[in-house]
Amino acid sequence: MINLISQTRVRHLLDTENLTKNQFDLIFSKANYYKENRESNQTGSFPDKTIGFLFYEPSTRTKGSFIQASQRLGLRVLDFSPNNSSIAKGESLLDTAKNLVSLGVNTIVLRNKQSGSPFFLSNHLDIPIISAGDGMHAHPTQSLIDAFTILTHFDTLENKKIAIIGDIRHSRVARSNIYTFLKLGAKVTLVGPPTFLPEKISEFGVSTSTDVESILDSDIIMPLRIQKERQLYGYIPSCAEYFEYFGIKQEHLQKVKANALIMHPGPINRGIEISSSVADCDKSVILEQAENGVFIRMAIISILLGGEEDE
Ligand code: CP
């Protein structure tokens, strides 16, 4: 899959799967620059460029931080999401995207329920495509945010124990995070009921557990939302029973490492995968993840539109 670099020199961000260590370092270094200079970089570097948003699914964090990032970089923002464009009249993804290019859009940020749709667009358009999450496949910018947030608390991900708990089967964040965390040297354990753990997932190089107590020696504890909108079958008896057996609660907080981080890509469902006391505790960096989204997305847009060398 095409990533930050392609043979045609039109570059995209479709997943973290094929990012090199140098590319991760470049993204984190630029994000860190934007974070440290957040008060002084308001004027923007790209006043002659336009970014187009195509969000076919709801979003708070991703869209909000892409808008913030774009405006801080000085980009013009055009929003062509379904409820405010001719997508509502039946226009296809590709026709819509081609029209955006005709209107002068220089890069497209796409969120779509179809896995692979950003890759499809990247094969048809000569502008950078940035995935903002596609179906159950990938959420590369969220994964970069999660790794960047960990690096603001620990110097490295090398040998860090990361537990991802919950609906792994339907989670694009889990998939991208497995690639990112393993590439950066972490040890990943996926925890959940067997119905939420995809068959053969251990072939990716991760451990699996059906016992929530296995999270207790982790450095990072990341519960995930149950993605009811992507579920074809009843994978769990009830949300109440899920919370009983797999929800991260105060009783776990009392037993985790002193410097452990509680993370969640959002949106959170309190009382299902995480209790309020855990979501709001002093180990929780959930809102830091949201804040870092602006800086990571500034870095990605800047690299893709700026034509920087990144190998
Ligand atoms: N993490 C995430 O993708 O959140 P949103 O759906 O609010 O963008």
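Let me start with helix α2, residues 61-72, which lies across β1, β2, β3 and β4. The helix runs at about 175° to β1. Bear in mind that this is a predicted model. Helix α3, residues 93-102, also packs on the sheet, touching β1 and β3. The direction of α3 makes about 165° with that of β1.

Now the sheet itself. It is open, with four strands in the order β2-β1-β3-β4 and parallel pairing. The edge strands are β2, at 76-79, and β4, at 129-134; each of them pairs on one side only. Direction ignored, neighbouring strands of the sheet are turned by 15° against each other on average.

What joins β1 to β3? Five bridges do, between residues 50-55 of β1 and residues 107-112 of β3, and the two strands run parallel. For Leu54, the bridge partner in β3 is Leu110.

Next, a helix pair. The axes of α5, residues 140-151, and α6, residues 172-183, come within 8 Å and cross at roughly 50°. The crossing of α5 past α6 is right-handed.

Which residues make this contact? From α5 we have Pro140, Gln142, Ser143, Asp146, Ala147 and Ile150. From α6 there are Val173, Ser176, Asn177, Thr180 and Phe181. By type, the residues of the contact of α5 with α6 divide into five nonpolar, five polar and one charged.

Conventions. Residues are numbered from 1 along each chain as its sequence is written. This is a predicted model: local features need pLDDT of at least 70, side-chain atom pairs count only at pLDDT 80 or more; totals for chains, interfaces and linings use all residues. Side-chain values use heavy atoms; hydrogens and water are left out. Two strands pair if DSSP finds at least two bridges between them. Axes are lines fitted to C-alpha atoms, for helices over the stretch in contact, and angles run from 0 to 180 degrees between N-to-C directions. Contact means heavy atoms within 4.5 Å. A crossing is left-handed if the near helix is turned anticlockwise from the far one by less than a right angle, and right-handed if clockwise. Ala, Val, Leu, Ile, Met, Phe, Trp, Tyr, Cys and Pro count as nonpolar, Asp, Glu, Lys and Arg as charged, and the others, Gly among them, as polar.
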